[in-house]
Amino acid sequence: MKDPVVAEHPADTGDTGVERGASAAPSASEAPIPPTQEAAAAKAPHVRPGDRIFRGLATGSGIFIVVLIGAIGLFLLLRAVPSLGLNNANFLTSREWSTGDVGNMRFGILDLLLVTVVSSAVALLIAMPIALGIALFLTQYAPRRLARPFAYVIDLLAAVPSIIFGLWGLLVLGPQLTPIAESLTSALGFIPIFAQGNVSIALSGTIFTASIVLAVMILPIITAVSREVFDRTPVTHVEGAIALGATKWEVVRTTVWPFGKAGYVSASMLGLGRALGETIALTIILSATAKTFGWSLFDGGATFASKIALAAPEFNDPRSAGAYIAAGLVLFLLTFLVNAAARAIVAGHKEYE
Amino acid sequence: MKIQRHSAVFGLVAAGALLLSACGSDQNSAQGGASAGATSSVDVTCGGKQNLNAEGSSAQKTAIDTFVQVYQQRCAGQNVAYNPSGSGSGVKNFTGGQVDFGGSDSPLSAEKGEVAAAAERCEGNPAWNLPLVFGPVAISYKLEGVTDLTLTGELAAKIFNGGVKKWNDEAVKAANPSASLPDKDITVVYRSDESGTTDNFQKYLTAASNGAWTQEAGKAFKGGVGEGKEKSAGVAQAVAGVDGAVTYVEWSFAQDNNLSVAKIDNGSGAVELTPETVGKAIDGAKIKGEGNDLVLDLDSIYGSTEAGVYPLVLATYEIVCSKGYDAETAQAVKAFLTVAATDGQAGLTDAGYAPLPKAFQEKLLTAVKAIA
């Protein structure tokens with residue numbers, strides 16, 4: 001995650017590149033080649049080796065990643081199916097997770113799914129407005145000289161290993177949050193999400209703590225992508241707005257925001273993807289519990305990724321391991337859906353093409 | 001411009017990494033100095049394969065570290081790399097032939113085909129389970145005003161499965177007539193990751209609770225109450241932070257976090273956790289393996305009613321080939337295990353383990369000598 005925008009663009013052009021390459025192969029005339037190249041092609045019908053090699057490499061990379069993802073999906077599926085067959089509970093609606101006795105495995109993902117989605121959604125809710133503020137500040141308000149180093153500091157946050165965030169959340173942030181959490185439950189406890197949860201608040205291993213840490217972790221991703229998008233607002237639009245007498249706020253509202261909205265949402269979805277898959281920080285922070293998730297922020301539990309990480313070192317039977325892999329498969333699909341949604345949102349706004 | 005800034009960032013990160021790694025190596029050398037005082041008492045034929053690989057149970061990681069330090073003092077230039085990736089991985093990679101010996105919290109299981117797989121790895125010879133490292137598990141708690149608490153197996157089972165919810169419950173009072181117990185909820189903290197410690201603790205509760213523990217054993221905690229924290233460090237740290245919390249954790253973690261350790265009454269009076277009481281438990285252990293395969297009958301430890309025995313002990317095995325190593329490897333494995341079972345024992349108490357009692361040590365050495 002050094003520079004997410006740069007990373008995004010090759011992916012976009014890579015997609016179209018494969019299409020172009022494919023259509024160019026049968027009939028060269030249909031391919032949208034600029035006129036100068038067409039003229040060159042008429043003079044010398046053979047393709048230069050550099051072209052061929054580069055096209056091969058680019059196509060190869062594109063195919064490689066698709067095959068790789070397909071292979072991951074296939075692996076998950078192959079390992080999960082035998083265990084799903086041995087499952088004595090409903091995989092999608094059960095809240096149990098007991099895989100120790102392979103003769104009588106009962107596991108379902110409902111609680112994992114809910115804890116994963118709720119903790120990530122709350123993290124997104126916290127991170128989105130802050131990231132928007134930072135991105136707008138960096139592109140519109142901050143003096144150029146300050147904006148660059150500031151942006152690097154934000155990017156640096158993305159380079160902090162998640163185990164550091166986890167330990168920080170458990171040892172430093174958690175105890176600080178305890179009084180806040182206690183006052184929230186006593187004052188707003190009648191609202192289900194602030195109700196007394198199924199773990200002790202004093203230990204701070206709650207979804208509340210986890211979400212705040214996750215929010216910090218996804219902040220740099222959302223900020224970096226949004227900043228790049230806002231930075232690309234056509235200067236003519238901005239200048240036009242200023243010429244019409246718009247204030248800074250009006251410039252942001254009438255030019256920067258409409259232009260960058262889709263990019264911002266897409267950035268948030270990228271962040272959500274990261275939050276859904278976060279593992280180490282959550283295994284450290286979240287308290288496990290035998291009770292079911294009760295829709296409170298002060299519940300404990302486990303996410304897909306943390307559940308797998310907690311059990312992985314002691315995998316010694318492919319059947320019980322398969323149960324966890326089945327959970328991993330659901331996470332894989334969930335992340336896929338989130339990313340597909342992000343793509344769809346971006347694709348709906350043709351100004352990026 | 002951009003590149004320069006990036007390199008500045010990398011520089012910072014690299015400097016940070018250096019700093020951190022510097023801290024790490026400091027600690028190691030300090031430990032090495034401490035155990036240098038041990039005197040050599042046994043003949044060891046050094047040599048053979050220079051770098052042994054081993055993998056498995058994380059519960060014995062610290063013990064293996066002290067063994068390796070002593071091994072290197074006795075046999076210059078030799079080393080053992082132990083990867084504490086868990087018993088499951090240890091057994092898998094031993095039977096797969098990736099490591100020279102495995103570490104495991106439970107002996108090879110015939111049901112899961114581990115015995116057969118290990119025999120295949122040892123070229124048709126049986127693998128032996130050698131219980132080398134014994135780690136007492138402490139029922140650790142934090143309760144203001146109470147530093148002397150006695151639990152029976154039955155009471156422990158009731159606390160950990162929710163039968164007893166308050167510190168001033170009649171059952172706790174009955175076992176501790178002189179303590180002033182507060183009216184506080186018991187917060188049970190358990191291991192959220194799957195672990196041999198949990199498995200052994202639940203085996204203990206099954207054996208010693210007179211039927212109060214109906215949940216059986218397993219690597220995942222089955223008590224159904226309380227909340228889980230990751231690894232020993234996580235549970236110990238959690239208990240240290242909350243008044244009224246109780247957990248089961250390796251002794252060294254209880255000591256490091258200044259937790260109170262409950263005495264265990266197995267029917268013959270309250271027994272404190274000390275190296276001596278644990279040694280007595282190991283001495284009383286019956287072996288159910290054949291010959292040099294020293295598989296322990298854990299019920300003989302957990303269910304012991306002898307006076308002065310602290311029964312809650314986690315036995316971890318080294319899994320080795322009886323035969324089938326190449327000559328180089330066999331020599332190094334034997335040298336390492338010999339050092340571990342003799343000179344290596346000196347530093348164990350500080351690391352939170354129990355040293356082997358004399359009689360048991362001799363059984364182990366006989367087995368180690370027989371490896372070929």
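## Reading the model

A: Begin with confidence, since this is a predicted model. In chain A, helix α1(A) (residues 4-24) has the lowest confidence, with a mean of 44. Helix α4(A) (residues 110-141) has the highest, at 95.

Q: Over which residues of chain A is the pLDDT below 50?
A: Residues 1-31 of chain A fall below 50. Beyond near neighbours in sequence, that stretch still has 24 contacts in the model. As a whole, chain A averages a pLDDT of 86, and 86% of its residues score at least 70.

Q: What is the mean pLDDT of chain B?
A: The mean for chain B is 86, with 89% of its residues at 70 or more. Here the pLDDT is below 50 over residues 15-40. That stretch of chain B has 14 contacts beyond near neighbours in sequence. For the complex, the predictor gives an ipTM of 0.77 and a pTM of 0.80.

Q: How do I read a helix pair? At what angle do α9(A) and α12(A) cross?
A: Look at the axes and their angle. Helix α9(A) spans residues 248-277, and helix α12(A) spans residues 318-347. Their axes come within 8 Å and cross at roughly 170°. Angles over 145 degrees count as roughly antiparallel. The two helices, α9(A) and α12(A), are therefore roughly antiparallel to each other.

Q: Which residues make that contact?
A: From α9(A), they include Ala262(A), Val265(A), Met269(A) and Gly273(A). From α12(A), they include Leu331(A), Thr335(A), Val338(A) and Ile345(A). By class, the contact has 13 nonpolar residues, five polar and no charged ones.

Q: How do I read a sheet? What is the strand order of the open sheet in chain B?
A: Strands of a sheet pair through backbone hydrogen bonds, either parallel or antiparallel. In chain B, three strands form an open sheet in the order β5-β10-β11, with mixed pairing. Its edge strands are β5(B) (150-152) and β11(B) (270-271), each pairing on one side only. Strand β10(B) (residues 263-265) pairs with β5(B) in the parallel sense, over three bridges.

Q: Which domains is chain B divided into?
A: Domain 1 takes 3-135 + 315-370, and domain 2 takes 136-279. Their contact uses 14 residues from domain 1 and 13 residues from domain 2. On the domain 1 side, six residues are nonpolar, seven polar and one charged.

Q: In which sense do β3(A) and β7(B) pair, parallel or antiparallel?
A: Strand β3(A) (residues 288-289) and β7(B) pair in the antiparallel sense, over two bridges. Look for Ala288(A), which stands opposite Gly228(B) in β7(B).

Key:
Residues are numbered from 1 along each chain as its sequence is written. Chains are lettered from A and ligands numbered from 1 in the order in which they are written. This is a predicted model: local features need pLDDT of at least 70, side-chain atom pairs count only at pLDDT 80 or more; totals for chains, interfaces and linings use all residues. Axes are lines fitted to C-alpha atoms, for helices over the stretch in contact, and angles run from 0 to 180 degrees between N-to-C directions. Helices (H or I, at least four residues) and strands (E, at least two) are DSSP runs, numbered from the N terminus. Angles under 35 degrees count as roughly parallel, over 145 as roughly antiparallel, 65 to 115 as roughly perpendicular and the rest as oblique. Two residues are in contact if their C-beta atoms, placed from the backbone, lie within 7 Å. Ala, Val, Leu, Ile, Met, Phe, Trp, Tyr, Cys and Pro count as nonpolar, Asp, Glu, Lys and Arg as charged, and the others, Gly among them, as polar. Two strands pair if DSSP finds at least two bridges between them. Domain bounds come from an automatic or database domain assignment. pLDDT is the predictor's confidence in each residue, from 0 to 100.
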